[in-house]
Amino acid sequence: MSRLLAALLLTLAAAPTVAEPSDSLATAYENHFKLGVALPTSSLMRPEADVLALAASQFNSATPENCMKWQPIQPRPGEYDFSAADRFVDFCEQRDWWIVGHTLIWHQQTPEWVFQNDKGEPLTRDDAIERMRDHIRTVVGRYRGRVHAWDVVNEALNEDGSLRETKWLEIIGDDYLDLAFRFAQEADADAELYYNDYNLYVEDKAKGAVRLVRKLRRAGRRVDAIGIQGHWAYNHPPLKQASAAIRRLAKATGRLMITELDVNILPWPGDNIDADVARRAVGSPDLDPYTAGLPPEKQQELADRYAELFRLFIRHRDKIDRVTFWGVHDGGSWHNHWPIEGRTAHSLLFDRRLQSKPAFDAVTAVGRER
């Protein structure tokens, strides 16, 4: 056993007792689908024993929130930092969890040097392909046989279903997706390979995802499933629209996951609802109304929304293999910092004191209904 893992296990053994709910999410849904969680780097590296203990009590799958993205794992050419990723994989293996690597190719959190040569000039197509190949081969190869699945490409589509303008597309061309899946498959032939995106309830974007996956499969690439990012709100998208998207996307792969699930209960700044990490907005008191806590009526509204979503997921359990929450508790939700910095989010099933909320009771009750 590595000294790092031994230290982590010792910390967990000495962790304060977390008040556990009467049931766990994983147990409530054991006959439906896997229940996952995104683990933050900070909780793994400090480590935050109480947060990790809560996660261990509730889930049977995990995705790293940030530590396997290009920026943190290879911040400079040829310099890999696997410390957080190793700890993430060790933690999951100790619990026999389903492990998802996130993410290999994305237009965000990718350093500028990735697309430049030593002189700061744009890479040639061949050099960009080789840089992609080396990164995927190194990262996936390190965890071959340990990480069960990879989000190979993340958020490659515009809302109209066309390919997003990124450096990957600009330098390599539209076959960069084909190459990414090819390199991932070569690095670990047994790992499942996924395409992951947000706003796939938008019909044009969902149709674009279907076209993309079918094109990749015709080229001989393995795309085992599509990840539907569930960065949704208490009032959006409508259930009918989400259900139609699940049926439409399942035609491409047969299997889906609901990834990055959270429910934003805060007011949305503007008209266009999305999950683009580049979006930023200016805050105001009326956009951050629950700094003293979520009122009972809003707790119920959040619980009702989660309940209806999980009833929807169960209705489609023949297509959905996994549902993963984007964070353990409200204090760790990205909604505290996006799209407005410094708000007080209440998006998950556990509050800042790591206590279960009415939304947790609602979700577990749905899982036990049938």
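Q: In what order do the strands close into a barrel here, and how is their pairing directed?
A: Two strands count as paired if DSSP finds at least two bridges between them, and strands (E, at least two residues) and helices (H or I, at least four) are DSSP runs numbered from the N terminus. In this structure, eight strands form a closed barrel in the order E1-E2-E3-E4-E5-E6-E7-E8, with parallel pairing. Neighbouring strands of this sheet are turned by 30° against each other on average, direction ignored.

Q: Before we go on, what kind of model is this?
A: It is a predicted model, where local features need pLDDT of at least 70 and side-chain atom pairs count only at pLDDT 80 or more, while totals for chains, interfaces and linings use all residues. Residues are numbered from 1 along each chain as its sequence is written, and side-chain values use heavy atoms, leaving out hydrogens and water.

Q: How many bridges join E6 to E7?
A: Strand E6 (residues 225–233) and strand E7 (residues 256–264) run parallel and are joined by seven bridges. You can look for Ala 233, which stands opposite Asn 264 in E7.

Q: Which strands does helix H12 touch?
A: Contact means heavy atoms within 4.5 Å; axes are lines fitted to C-alpha atoms, for helices over the stretch in contact, and angles run from 0 to 180 degrees between N-to-C directions. Helix H12 (residues 296–315) packs on the sheet and touches strand E1 (34–39), E6, E7 and strand E8 (320–325). The direction of H12 makes about 170° with that of E7. Elsewhere, helix H7 (residues 125–142) lies across strand E3 (98–105) and strand E4 (149–154), running at about 165° to E3.

Q: Which residues does Lys 298 touch?
A: Lys 298 is part of helix H12. Not counting residues up to four places away in sequence, Lys 298 touches Ile 265 and Tyr 290.

Q: What is the volume of the largest pocket, and which residues are closest to its centre?
A: Rolling a probe the size of a water molecule over the atoms shows where empty space is left. On a 1 Å grid over the protein atoms alone, a cavity is a set of points where a 1.4 Å probe fits but cannot get out; a pocket is an open set with protein on both sides within 12 Å along at least five of seven lines, and lining residues have an atom within 4 Å of a point. Points are joined across faces, edges and corners, and a volume is the space filled by probe spheres set on them. The largest pocket has a volume of about 320 Å³. Of its 22 lining residues, Lys 69, Gln 109, Val 277, Trp 326 and Trp 334 are the closest to the centre.

Q: Which element gives the most to the lining of the second largest pocket?
A: That is H10, with five residues. This pocket holds about 200 Å³, and among its 13 lining residues Leu 163, Asp 174, Arg 211, Leu 212 and Lys 215 lie nearest its centre.

Q: How many cavities of 30 Å³ or more are there?
A: The count is three. The largest cavity, at about 40 Å³, has a lining that includes Trp 106, His 107 and Glu 155. Residues lining the second largest cavity include His 102, Glu 260 and Arg 322, and E3, E7 and E8 each give two or more residues to that lining.
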